[in-house]
Amino acid sequence: SCVHAENCFVPISEIIAVEETEFNKKQRNIGRWQKMAKLHAFTVYYVKKARNHRWRCSDVTFWCVEEHLCNQWIQALKELLEMQKSRPKQLLVYINPYGGKRQGKRIYEQKVAPLFSLASISTDVVITEHANHAKDNLFEVNIYKYDGVVCVGGDGMFSEVMHGLIGRIQKDSGIDQNNPKASLVQCNIRIGIIPAGSTDCICYSTVGISDPVTSALHIIVGDCQPLDVSSVHHNNTFLKYSVSLLGYGFYGDILKDSEKKRWMGPMRYDYSGFKTFLSHHYYEGTIAYQPAKHTHGSPRDKESCRTGCHICKKSEKQLAEQKKEHGLKHEEGGEEWKVIKGKFLAINAVNMSCACPRSPKGLSPAAHLADGSADLILVRKCSRFDFLRYLVRHTNQDDQFDFPFVDVYRVKCFQFTSKLSEDNESNGMDIGKKRFGQFCRDHPACCCNIVNSTWNCDGETLDSSAIEVRVHCQLMKLFARGIEENSKDEAAHSQSSIEQLL
């Protein structure tokens, strides 16, 4: 047989499909074969890795004179693909037709569905008609017949599917989500994200690029990336799950302001960000946290989370051993809590780096996807100029935690209470004019009706400022593999390849 492509090494795990090829469809460079008998051919579709973690579907055609030999090859390759047990065969797909640039349906139908079809994946597609449609639907359908759930949309659509899936698993397992100390049941049905929204932060942090075809190919080859999830409670009531950013102060205020300006499109974030920066509000409160003693990394060690991350694996093992040894009683041990009171411009808790094209390192460059911890970043009250210096560090290579007014801790849980809620609890409903007077002296240029910020939970606002947050190690799984060090080199060095087979 003869290969009709440049020499390339492709792991079996990255072959998408093998198909018999009709020769009239493939008339490339076969002049020297035309005098011979009828040709038989098969085409191998595989993942071609390009720059910046972008994947594309490429193909190689093999042909020979003997039909029997051709069929043997097709059969052998198809058997090898059948042995790839992590690949999905049946998927439940939710498409948000309104999100982001309103392109979800078109992106799925034109770029994704043909690839799923090529890979012989059967799909049940639901086009969502209103908010929480996907979430509610996940409580009704038989989720266990699917190998994964795919959401086509932005971070908001992913959040909805995640809440539906985790919530359904807890319900079926008899776990009360309202109990902040409940040990949640791991969700083994993977979620795939086909980016089609205005923000695709989770895709960027787990695949390395926000690109529908790349994400579809990660789903097809059956990649699996565990992900930590934080549960957020207020007064023994479950509020939300978070996988990327929980932000109070600066990032909460940006979101609150931008929600009123949805008509501006994605530009609203820039406008609200500038406005929030100028207003320069700070907020007083108390944070109590438990350090993540089980983790093998630290927020400032410059060890980024990458495919097959050894820090995530070690930390998960260590956490499991700790729980086995001490149980939950040890976790609640009073001696482990550290308390910080202060005036803050921003309080951010991140489960992942929160990288995006504008901020390639993210809010915490060394945060890990699956180590059972979050990085708690406290930006204390400082001048506008100092705060701007801190914000600019997100876009360059300098250490963004290297400021006297910035503290960062790796934590497994934390609680926050604003000064206002503390006063409220101690004085009943009487907040007192003293607090408003103090606030106006500190912010003479502003109107004094904003005395509490809002929490930004993965791009959605939370009503309560007083919250309790707990990180659940590897609670869910994505069709992703984390960010590869250098995907082109890895492909070239792979041992199990088509070329070796042939």
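Author: Buried means under 20% relative accessible area, exposed over 50%, and partly exposed in between, with a 1.4 Å probe and protein chains only. The model is predicted: local features need pLDDT of at least 70, side-chain atom pairs count only at pLDDT 80 or more, and totals for chains, interfaces and linings use all residues. Residues are numbered from 1 along each chain as its sequence is written, and side-chain values use heavy atoms, leaving out hydrogens and water.

Reader: Which strands pair with β11?

Author: Two strands pair if DSSP finds at least two bridges between them. Strand β13 (residues 338-350) runs antiparallel to β11 and is joined to it by 5 bridges; here Gly-249 stands opposite Ala-346. Strand β16 (residues 455-457) is also antiparallel to β11, over 2 bridges, with Gly-247 opposite Asn-456.

Reader: How many residues of helix α6 are buried?

Author: An α-helix has 3.6 residues a turn, so residues three or four places apart point the same way. In α6 (residues 212-220), 9 of the 9 residues are buried, among them Pro-212, His-218 and Ile-220. Just after α6, Gly-222 has a positive phi of about 75 degrees.

Reader: What percentage of the chain counts as buried?

Author: The figure is 55% of the 502 residues, in a chain with 14 helices and 18 strands.

How values were computed: Helix = DSSP H or I, 4+ residues; strand = E, 2+ residues; numbered from the N terminus.
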